[in-house]
Amino acid sequence: MRTIFLLLLTAFLQVPIFAQINKNGIPFSKVFTKDDYNASEQNWAICQDQRGVMYFGNNDAILEFDGVNWNKIPLPNGSIVRSIACSDEGIVYVGGVDEFGFLAPDINGKMNFHSLVNQIDSIEFKDALKKFSINKDVHKIYIVDGRVYFCTVSVIFK
């Protein structure tokens, strides 16, 4: 029995193991802690824009990471950022609690949040806000055929 065990052990030690290595090498990965990005440890959503900049929906704010620096972009009401979606045109859409909108750069290139909730013209839309209130988290954002859908539990805003 001992001879069979040693024979099997020797056979396995001679077989090269290639399970984690591919032709491109081992992928680089880095773990970031809440101390690295100076915000809550809970992140809800993530997207990457056309420039390669990463955006995270965090309990504290929108986190922007360009590969070197972290930037926090808070929502006007200070709510949790539950959803983020990047369009093919490079627009970053954001949903939170009682809030949704998009990010756009100022004249210096710094990204700022622009709310869409306060720019509602439709009477039906305002009635829907009164009836349902947003009062809910915008948990998901879909971009379909150039249209943006902000989804809560009870209402979908287009």
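Student: How many bridges join E7 to strand E8, and which way do they run?
Tutor: In this predicted model, E7 and strand E8, residues 111-115, are joined by 5 bridges and run antiparallel.

Student: Which residue of E8 is the bridge partner of Leu103?
Tutor: Leu103 has Phe113 as its bridge partner in E8.

Student: What lies between E7 and E8 in the hairpin?
Tutor: The hairpin has 5 residues between the two strands. Gly109 is in the turn, with a positive phi of about 90°.

Student: Turning to E6 and E7, how many bridges join them?
Tutor: There are 4 bridges between E6 and E7, and these strands run antiparallel. One of the pairs is Tyr93 with its bridge partner Phe102 in E7.

Student: What holds strands of a sheet together in general?
Tutor: Strands of a sheet pair through backbone hydrogen bonds, in a parallel or an antiparallel manner.

Student: Where is Asp98 found?
Tutor: Asp98 is in the loop between strand E6, residues 92-96, and strand E7, residues 100-105. The hairpin of E6 and E7 has 3 residues between its strands.

Student: Which loop contains Asn38?
Tutor: Asn38 is in the loop between helix H2, residues 34-37, and strand E1, residues 43-48. Asn38 has a positive phi, near 55°, and is a residue other than glycine.

Student: Why does Asn38 count as exposed?
Tutor: The relative accessibility of Asn38 is 58%, and exposed means over 50%, so Asn38 falls in the exposed class.

Student: Changing topic, in what order do the strands of the E9, E10 and E11 sheet come?
Tutor: The order is E9-E10-E11, in an open sheet of 3 strands with antiparallel pairing.

Student: How many bridges join E9 to strand E10?
Tutor: E9 is joined to strand E10, residues 147-151, by 5 bridges, and the two run antiparallel. Among the residues involved, Val144 stands opposite Arg147 in E10.

How values were computed:
Residues numbered from 1 in each chain as written. Predicted model: local features only at pLDDT ≥ 70, side-chain atom pairs only at ≥ 80, totals over all residues. Heavy atoms only, no water. Buried < 20%, exposed > 50% of the residue type's maximum accessible area, 1.4 Å probe, protein only. Pairing = 2+ DSSP bridges.
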